Amino acid sequence: MIQAHINKQLHGANGDFALDASLHIAEGEFVALFGASGVGKTTLLRCLAGLESPEQGKLVVSGETWLDSTARINLPPQQRRVGYMFQDYALFPNMTVRGNLEFALRKGADYKRVNELLELMALGELQHRKPDSLSGGQKQRVALARALASEPRLLLLDEPFSALDTEMRSRLHDEILRLQKHFGITTVIVSHDVSEVCKLTSRVMMMEAGRIV
């Protein structure tokens, strides 16, 4: 179970507003944050990951407190067991596909995890190539595999398919559904694509001006 409340002041195109959102997500659930651009979806995701800090907030994941502003607890991203898939892939250009996945492993983790992901994502033939030699769809698969490499308790996807064509997007939807069920990871996706959230998620949280409405 994930329980969170995040409060943070934001500066939008139409002026300042407050991100003031509460989340209750069941273990293994796949949910969406849905809404127009600029309503606070990505900021909420980044606060869950520890990439941004709210003015006030609390985040408890499977009984472990990751954030509690009152108690001055704010675990850094590397201690939060989060897999984060960025909109722009954010792969390390100087590393091979295998190197990107190995970099994401938790300290002391078994390298079998990388081999498993390379097989599951059909990336074995690409493992010694660098990102600049990959197609957009291939980079997306590597980014997803890297997000899963750390054995996260929480998988966060920030509009991960927005740059892909319709056919490739549909194929990757099927891929991520299969992997999410395979690993049973609690997953939150940010999207403003109606068909995407209807296909992927069991529940949609509509956001407007920093609030889940």
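In the predicted model, Lys-8 touches Phe-17, Ala-18, Leu-19, Thr-43, Cys-47, Glu-52, Ser-53, Pro-54 and Glu-55, when residues up to four places away in sequence are not counted. Lys-8 belongs to strand β1, which comprises residues 2–12. With a relative accessible area of 14%, Lys-8 is classed as buried, because that value falls under the 20% limit. Between Lys-8 and Gly-38, which are 30 residues apart along the chain, the separation of the C-alpha atoms is 14 Å.

The strand that carries Lys-8 is part of an open sheet of five strands, arranged in the order β2-β1-β4-β5-β6 with antiparallel pairing. The edges of this sheet are formed by β2 (15–25) and β6 (73–74), each of which pairs on one side only. Helix α1, spanning residues 41–49, packs on the sheet and touches β1, β2, β4 (56–61) and β5, and the direction of the helix makes about 130 degrees with that of β1.

The partner of β7 is strand β8 (residues 154–158), and the two pair in the parallel sense over four bridges. Within this pairing, Tyr-84 stands opposite Leu-156 in β8.

Among the helices, α3 (residues 112–120) and α5 (residues 166–183) pack against one another at an angle of about 145 degrees, their axes lying 12 Å apart. The crossing of these two helices, α3 and α5, is right-handed. On the α3 side the contact is made by Arg-113, Glu-116, Leu-117 and Leu-120, whereas α5 contributes Glu-175, Arg-178, Leu-179, His-182 and Phe-183. By residue class, the contact of α3 with α5 divides into four nonpolar, one polar and four charged residues. An α-helix has 3.6 residues a turn, so residues three or four places apart point the same way. Helix α3 is also a neighbour of helix α2, as the buried residues of α2 pack against both α3 and α4 (136–149). These buried residues of α2 (residues 97–104) are Val-97, Arg-98, Gly-99, Asn-100 and Leu-101.

For the chain as a whole, the secondary structure comes to six helices and 11 strands. The C-alpha trace spans about 45 × 40 × 30 Å along its principal axes. The radius of gyration of the chain is 17 Å, which agrees with the value near 17 Å that a compact globule of 213 residues would have. Of these 213 residues, 50% count as buried. When contacts between residues at least 6 apart in sequence are considered, 70% of them join residues at least 24 apart.

Definitions and conventions:
Residues numbered from 1 in each chain as written. Predicted model: local features only at pLDDT ≥ 70, side-chain atom pairs only at ≥ 80, totals over all residues. Heavy atoms only, no water. Pairing = 2+ DSSP bridges. Axes fitted to C-alpha atoms, helices over the stretch in contact; angles between N-to-C directions. Left-handed = near helix turned anticlockwise from the far one by under 90°. Contact = heavy atoms within 4.5 Å. Nonpolar A, V, L, I, M, F, W, Y, C, P; charged D, E, K, R; others polar. Rg over C-alpha atoms; globule rule 2.2 N^0.38 Å. Buried < 20%, exposed > 50% of the residue type's maximum accessible area, 1.4 Å probe, protein only.
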